[in-house]
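Okay, everyone, thanks for coming. Let me put the structure up, and then we'll walk through a few spots together.

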Amino acid sequence: MSRATLGWIILGWIGYALLPWYGLDAAPTFSDYLGGGSGLVRGLTGAWWLLPILVPLLMSLWPSVRSSRSSDGDWLIASGALGLALIILQGFTIGLNGWTFDGLKALFGEPGPRQGGMGYGAALTAAAFLIVLCHGFAARGWCRGDAFVTSSIGVVIALILVFVFFPVSTILASAFADNNGNFAPGEFVVKFMDRSIWGLDCLTSDLRCGVAWNTLFLGLLVGVGTTALGLAFALIATRTAFRYKKLLRVMSVLPIITPPFVIGLALILMFGRSGALSSVLWEWLGIPRSRWIYGLPGVFIAQLLAFTPIAFLVLIGVVQGISPSLEEASQTLRAKSWTTFLTITLPLMRPGLANAFLLGFVESLADFGNPLVLGGNYEVLSTKIFFAVVGAQQDQGRAAVLSIILLAFTLGAFWLQHAWLGKKVYTTVTGKGDAGIPLPLPRRVAIASYLTAIPWALFTLAIYAIIMVGGFVRSMGRDYTPTLDHLLTAFRIENTERGLYFSGSAWDSFFATVKVAALSAPLTAAIGLLTAYLLTRQRFSGQRAFEFGTLLSFAIPGTVVGVSYILAFNVPPIEITGTGFILVMCFVFRNMPVGVRSGIATLSQIDKSLDEASLTLGARSATTMRRVVLPLLRPAVVASLVYSFVRAMTAVSAVIFLVTAEYNMATTYIVGRVEAGEFGLAIAYSTVLIIVMLLAIVVIQLAVGERRLGRRSAAANANPVAVQAVP
Amino acid sequence: MNQMTSLLSPRSATSKKQAASVEFRNVTKRYGTVTAVDDVSFIIDAGQLVTLLGPSGCGKTTTLRMIAGLEMASSGQILIGGKDVTNLSAADRDVSMVFQSYALFPHMSVLENVAYGPSVQGASKKDAQAMAMEKLALVGLTGLEKRVPSELSGGQQQRVAVARALVLEPQVLLFDEPLSNLDAKLRRRVREDIRELQQSLNLTVAYVTHDQEEALAVSDRIIVMSNARIAQTGTPRELYEEPADLFVADFIGDANILNGTVVGLTGPQARVQVDRLHIDLPHRGAGQGPVKLAVRPDAILIDESGPQPGEIAGQVRKVSYLGTQIEYEVESPIGELFVVQYGRKEPIAAGTPVSISFALQRGVAIIPGA
């Protein structure tokens with residue numbers, strides 16, 4: 001038996017016999033740490049259900065006492081599996097209020113034993129059992145007998161089960177239950193068929209349509225809009241001699257570091273009742289101020305602004321990917337440039353266009369910030385879910401039903417993309433060099449592109465100008481006196497006798513945000529890249545299911561994640577709502593797929609025999625990972641660190657359910673300011689966030705460093721961050 | 001860590017470890033429903049260079065990777081130096097490999113690449129670099145150790161890969177098509193270098209190639225694989241002169257496969273009739289009746305002085321002049337023949353009628369069971 005296995009067995013004993021078994025945040029006393037609150041002591045003093053865990057712990061010691069080696073693996077597997085099973089069983093059968101299943105209540109009488117949420121001890125023991133189980137599989141020759149690989153697979157699967165599948169299944173379960181937690185499919189049908197969801201009254205009368213139709217309609221509009229705009233930008237950037245192409249690239253990155261609702265906010269400052277443009281129109285032309293921006297038009301414009309860059313990034317790759325010699329072939333067959341564009345270029349782009357459309361559609365469905373700020377009476381699913389949970393109704397079952405509908409829409413879109421596009425990708429970039437020169441755009445296409453793209457680009461610039469200016473004038477639209485008041489309210493630092501005092505109102509949320517982002521970014525990158533490594537470099541049964549599981553959280557809208565987390569983690573056995581930990585885990589699993597994707601993209605460019613060379617030279621997988629794979633993976637490391645840091649700073653949809661007074665996040669604080677009408681403060685804070693993110697990107701780039709490949713192959717690393725942006 | 005250094009130090013003191021044998025016992029490798037290696041057994045003796053030869057997809061690379069521990073056998077046993085290593089991971093086997101792509105770490109210098117093995121085994125940086133310098137000198141790359149792999153030529157990169165594989169003085173050294181990225185001239189030299197190195201260091205080497213000429217040139221023994229199984233094992237000469245089946249006859253060198261009839265058996269010899277010709281050959285287990293013969297192109301003699309009695313009449317259809325040799329396509333009653341003549345000055349013109357006979361001392365063999 002290896003020393004690593006023994007080490008984990010010892011950790012399992014420490015978790016069981018020394019660390020406090022229950023409670024994460026309740027400050028443990030000194031005696032707790034010395035075993036007072038440990039599983040063993042609790043077990044001996046009343047919590048009898050903890051005692052059986054001793055059996056697998058003792059079993060795991062058996063192989064280290066004996067000298068025989070042949071059946072070590074079986075013993076480790078048996079003890080690990082039994083230990084995990086016992087911990088899970090006792091955790092789910094005994095809750096805060098006694099037995100959790102009616103059968104048990106009937107059998108052993110109510111209320112039965114009680115227990116709280118698991119703590120550090122339980123977590124450590126469970127982790128130890130898991131690792132021991134994986135080491136057992138390695139000893140049986142799984143994954144080439146590599147314990148590091150089996151353990152990594154085990155850990156990733158366990159984390160995905162706990163933080164993705166468990167919450168999602170909880171939300172499914174609670175959709176089929178009444179408010180007392182009993183199984184009630186009838187209620188599901190009633191809630192599901194509700195008129196406010198599926199009603200079509202807007203077609204026949206002045207009444208509003210159902211929220212599901214609203215959401216779909218908005219999604220379709222945004223999908224079409226972003227695809228058209230993105231295509232115009234992509235054509236200009238690749239096929240014309242436009243002078244400000246660089247600027248286009250910069251503008252495509254901006255929305256990624258902009259908190260999603262900030263664009264909505266800027267729209268209000270421009271077109272709202274007291275907005276800059278509205279005031280000008282009223283004073284000069286006498287056009288009355290109105291609230292037209294609140295509702296479908298506002299949300300639509302905001303989402304177009306926010307998601308066009310994503311369509312642009314997808315389509316620029318597609319346009320570049322079309323082999324110029326195909327177009328040249330068409331021209332040598334006497335096709336005019338317009339005919340060539342219509343019959344060759346456009347059809348080749350079809351999969352890319354569909355991809356961009358679906359991405360825009362899904363983004364729009366999942367967006368929460370803009371509908372919240374600008375929606376007015378136009379309700380969409382994501383905001384409706386939010387109000388079902390926090391509003392006057394407090395109806396979790398309804399939130400769950402709405403979440404399922406939203407989840408079905410997004411998963412359906414992803415499924416469509418997979419089923420339809422999976423077979424239809426026209427790869428025209430081959431290993432052979434292509435000496436062709438791209439066809440210049442036909443005149444009418446070029447003109448159409450310029451006419452859509454340039455006004456839109458100017459509009460975007462105006463919006464960002466407002467974001468920059470808005471925080472530093474007294475009041476947009478009324479009083480343009482420059483001021484630092486907003487900034488000072490938020491970020492005042494006073495110099496008192498006892499040292500610096502951060503008296504600004506935003507400091508708490510700012511520090512919490514930076515802390516959570518800084519914690520979750522490296523975790524996200526680590527888990528994401530590890531998963532990518534397992535997916536590309538190892539072969540094991542169930543790999544497809546594993547891949548699906550890791551990418552599933554990508555397709556789940558943030559609001560659904562938020563609701564499912566509070567439903568799943570508010571009660572024992574895993575009771576972590578209200579902690580910073582739940583925020584970190586939420587970010588890790590929402591952003592992990594980007595790490596996985598960029599890791600897979602980079603790893604598949606790295607020759608697999610490099611790893612194998614390292615293995616045959618006697619380096620184990622962990623060493624190989626550290627000394628060969630990671631240094632070559634630097635671009636992916638940067639990408640996933642930057643992405644997860646930025647997302648953690650800008651996300652609003654999932655966290656708005658999870659924040660507490662102690663762990664308030666910057667975005668939720670800003671949303672609160674917006675709702676209170678303090679636009680100046682909100683905008684100033686957003687500007688600060690954008691600057692912090694830019695700084696963080698620079699710091700990450702410097703800290704991780706470039707990858708050293710010698711002179712021949714340095715320049716070919718496109719940064720895969722941006723293509724993956726999904727809220 | 002301590003364990004590792006204590007393992008390393010006596011090794012560098014004695015400087016040479018015993019080469020080890022490699023044995024496969026009924027090894028099978030399956031990927032899902034596909035069987036890549038099917039019930040293969042062989043022994044590579046210590047200190048020998050054995051080539052795994054076969055067309056692409058025959059399972060030779062999978063076999064090599066199973067020796068390295070990069071693939072795990074689905075069933076069967078693998079022994080290295082008499083020790084069962086079937087379930088050991090690559091890192092735990094005393095085997096090094098030179099990869100087809102060389103697999104030099106692009107982010108490390110030549111010296112760091114070669115010193116990687118000892119350094120991950122826990123040797124100090126100084127020791128590791130000293131060991132690396134020694135092996136770099138062995139392959140003649142002293143002075144280039146500060147370079148990055150991409151700054152070296154293909155041949156130099158290949159030698160770095162060999163030095164890196166040698167640095168731990170493994171019991172078994174594996175080569176996966178090491179010459180495929182080199183140009184034709186360099187290939188001949190490098191394969192001689194490899195053979196020389198193997199003999200002077202007394203290494204056990206398993207060598208994968210699809211090039212039969214390369215295999216014949218360097219090997220002590222050759223294992224010919226076809227469709228996931230071993231087709232024949234033997235010395236280069238055995239394979240060429242006594243092919244076990246049609247596949248081997250065709251794959252090793254060129255062969256004309258002709259139909260003949262055994263008309264009489266006397267001791268180990270059989271009398272075979274091909275058209276009008278009668279030849280005496282070792283019968284190799286064939287009985288009376290029809291057999292197939294493998295006839296090497298240079299074992300067919302053609303003579304333009306016109307049809308001779310007791311010889312087969314044919315006509316030259318195509319002639320290619322290749323300098324050292326002249327190749328012919330000859331039409332004859334026993335089929336289209338591919339004929340090579342060495343050391344002849346004047347090519348026979350196409351269309352010339354010729355008489356055909358066989359050189360009997362070598363190059364003609366009965367294919368058993370075909």
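B:Ala103 sits in the loop between strand 6 and helix 3 of chain B; helices (H or I, at least four residues) and strands (E, at least two) are DSSP runs, numbered from the N terminus. Before I go on, this is a predicted model, where local features need pLDDT of at least 70, side-chain atom pairs count only at pLDDT 80 or more, and totals for chains, interfaces and linings use all residues. Residues are numbered from 1 along each chain as its sequence is written, while chains are lettered from A and ligands numbered from 1 in the order in which they are written.

So is B:Ala103 buried or exposed? B:Ala103 is buried, because 24 other C-beta atoms lie within 10 Å. The cut-offs are: buried means 20 or more other C-beta atoms within 10 Å of the residue's own, exposed means 12 or fewer, and partly exposed is in between, with C-beta atoms placed from the backbone.

Now the backbone. Most residues other than glycine have a negative phi. B:Ala103 isn't a glycine, yet has a positive phi of about 50°. B:Asp39, also not a glycine, has a positive phi of about 50° too. You'll find B:Asp39 in strand 2 (residues 34-44) of chain B, and B:Asp39 counts as partly exposed because it has 15 other C-beta atoms within 10 Å.

Next stop, B:Cys58, in the loop between strand 3 (49-53) and helix 2 (60-68) of chain B. With 24 C-beta neighbours inside 10 Å, B:Cys58 is buried. Leaving out residues up to four places away in sequence, B:Cys58 touches B:Met225, B:Ser226, B:Asn227 and B:Ala228; contact means C-beta atoms, placed from the backbone, within 7 Å. B:His210 is 152 residues from B:Cys58 along the chain, with 9.8 Å between their C-alpha atoms.

How do the chains meet? The contact uses 27 residues from chain B and 27 residues from chain A. On the chain B side, strand 6 (95-98) and helix 3 (110-120) are the elements giving two or more residues. That side has 17 nonpolar, nine polar and one charged residues. Here Ala, Val, Leu, Ile, Met, Phe, Trp, Tyr, Cys and Pro count as nonpolar, Asp, Glu, Lys and Arg as charged, and the others, Gly among them, as polar.

Last, chain A. Its domain assignment, automatic or from a database, gives domain 1 (3-140), domain 2 (198-430 + 437-482) and domain 3 (507-708 + 719-724). The centres of domain 1 and domain 3 of chain A, over C-alpha atoms, are 30 Å apart.

Methods:
Contact = placed C-beta atoms within 7 Å.
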